[in-house]
Structure formats: structure tokens, C-alpha cells
Amino acid sequence: MSPRSRVSATLAALATAGLLGTASPAMAAPQVPKAPASPSAFNFTTVIDQWTHWSPDPYNSTHAGTLYKGTSYFYCWDYGVQYSNNGHTSIIWFKTDDDTGNRNVWVSKVNFDDWGWYNSEDKLRKC
């Protein structure tokens, strides 16, 4: 049996036994929007991949994980540190769960699409 055949056979056996892990994040398929975690959550669309933060500010020291661009659910909003990006400046931050497994983290509203930029505070309560 050639080395390539042995590797293929080993991988097939591991897959059958359920012992293979999932693909690495770099190779994972694009995220599918998650369903809101509660009836009080609302979906908005963000236009870029962005860092999430443990508090409503853009500081490196509060970096939690990543929220990938696309549709995600958000729980509530609050005032935080002013931040500018994507042609917008705001002190409004939204609480969500990010795509890297962190819960109750914050992102600025500056990266919402146009509809979210103009309607987001009307759709959710203040935290």
C-alpha cells in the first residue's frame, strides 16, 4: 500500500469513528446568521469583520474576539466611547455574541449597514 493510500485509509477510518475534528477557522465556511438568542434580540447587518470588546470602547485592552460581516443578532445598546469608522462616528455600542464564541460583547454601530445606522436604536432597548 502506498503512503498516500495509507493516509487516505487512516483518514477514512478516523472519519467513520467520528474522531476527526472540525476544520480550522481559516478554512471554515462563511458564518450563517444565527437565530436571535431571545425574543428581545434584533438582527442587524454589519458591513465589515470587526473586533468585539468586553466593554463599549475600541481599546486593544478590551478586545474579546471577532464579529464577521453579515447579519447578526444584537440584544441592546448603550453609550460608550466615541468611535469613527466606515464614514460614521458614534458613541452608541451594541451588545451581541460574536462569531468566536464570546457572549455579551460590544461592537460600535458605525459598521452597521445604512438601514441599521438609521434605525438601530428604535428597534432595541437601552441596556
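In this predicted model, Ile48 counts as partly exposed, because its relative accessibility is 29%, a value that falls between the 20% limit for buried and the 50% limit for exposed residues. Ile48 sits in the loop that connects strand S1 (42–46) to strand S2 (50–53). Once its neighbours within four places in sequence are set aside, Ile48 is in contact with Leu67, Tyr68, Lys69, Asn85 and Asn111. The chain also brings Asn86 into the picture: Ile48 and Asn86 are 38 residues apart along the chain, and 8.7 Å separates their C-alpha atoms.

Gln50 counts as buried, because its relative accessibility is 8% and the limit for buried is under 20%. The side chain of Gln50 is joined to that of Asn111 by a polar contact of 3.0 Å. Asn111 is also one of the residues in contact with Ile48. Beyond four places in sequence, the contacts of Gln50 are with Gly65, Thr66, Leu67, Val107, Ser108 and Asn111.

Of its 127 residues, 31% count as buried. The accessible surface comes to about 7600 Å², and carbon and sulfur atoms account for 56% of that area. Among contacts between residues at least 6 apart in sequence, 57% join residues at least 24 apart.

The inside of the protein comes next. The largest nonpolar core has nine residues in all: Phe44, Leu67, Phe74, Trp77, Ile92, Phe94, Val107, Phe112 and Leu124. Strand S4 (70–85) and strand S5 (88–96) each supply at least two residues of this core. Not counting residues up to four places away in sequence, Phe94 touches the core members Phe44, Phe74, Trp77, Val107, Phe112 and Leu124. The list of residues that Phe94 touches also includes Cys76, Val105, Trp106, Lys109, Ser120 and Glu121. Leu67, another member of the core, is in contact with Ile48 and with Gln50.

Strand S5 also holds Thr89. Thr89 is partly exposed, because its relative accessible area is 42%. A polar contact of 2.6 Å joins the side chains of Thr89 and Ser84. Leaving aside neighbours within four places in sequence, Thr89 is in contact with Gln82, Tyr83, Ser84, Val110 and Trp117. The C-alpha atoms of Thr89 and Val110 are separated by 6.2 Å, although the two residues are 21 residues apart along the chain.

Side chains of opposite charge can pair when their charged atoms come close. A search of the whole structure finds three salt bridges. Asp78 pairs with Lys126, with 3.0 Å between the closest N and O atoms. Asp78 belongs to strand S4 and Lys126 to the segment after helix H2 (114–123), so this pair ties together parts that are 48 residues apart in sequence. Lys126 counts as partly exposed because its relative accessibility is 40%.

Lys109 forms a salt bridge with Glu121, in which the closest N and O atoms are 2.7 Å apart. This pair links distant parts of the chain, with Lys109 in the loop between strand S6 (105–108) and H2, and Glu121 in helix H2, twelve residues apart. At 6% relative accessibility Lys109 counts as buried, whereas Glu121, at 26%, counts as partly exposed. Both Lys109 and Glu121 are among the residues that Phe94 touches.

Arg103 pairs with Asp97, the closest N and O atoms being 3.5 Å apart.

A final point concerns confidence in the model. The average pLDDT of the protein is 81, and 69% of the residues score at least 70. Over residues 1–8 the pLDDT is below 50, and this stretch has one contact in the model beyond near neighbours in sequence. Residues 19–33 also have a pLDDT below 50, and that stretch has seven contacts beyond near neighbours in sequence. Where pLDDT is low, the predicted coordinates should not be read in detail.

Note on methods
Residues numbered from 1 in each chain as written. Predicted model: local features only at pLDDT ≥ 70, side-chain atom pairs only at ≥ 80, totals over all residues. Heavy atoms only, no water. Helix = DSSP H or I, 4+ residues; strand = E, 2+ residues; numbered from the N terminus. Buried < 20%, exposed > 50% of the residue type's maximum accessible area, 1.4 Å probe, protein only. Contact = heavy atoms within 4.5 Å. Core = buried A, V, L, I, M, F, W, Y, C linked by side-chain atoms within 4.5 Å. pLDDT = per-residue confidence, 0-100. Polar contact = N/O pair within 3.5 Å; in protein donor to acceptor, adjacent residues only side chain to side chain. Salt bridge = Lys/Arg side-chain N within 4 Å of Asp/Glu carboxyl O. Areas by Shrake-Rupley, 256 points an atom, 1.4 Å probe, with all protein chains shown as cover.
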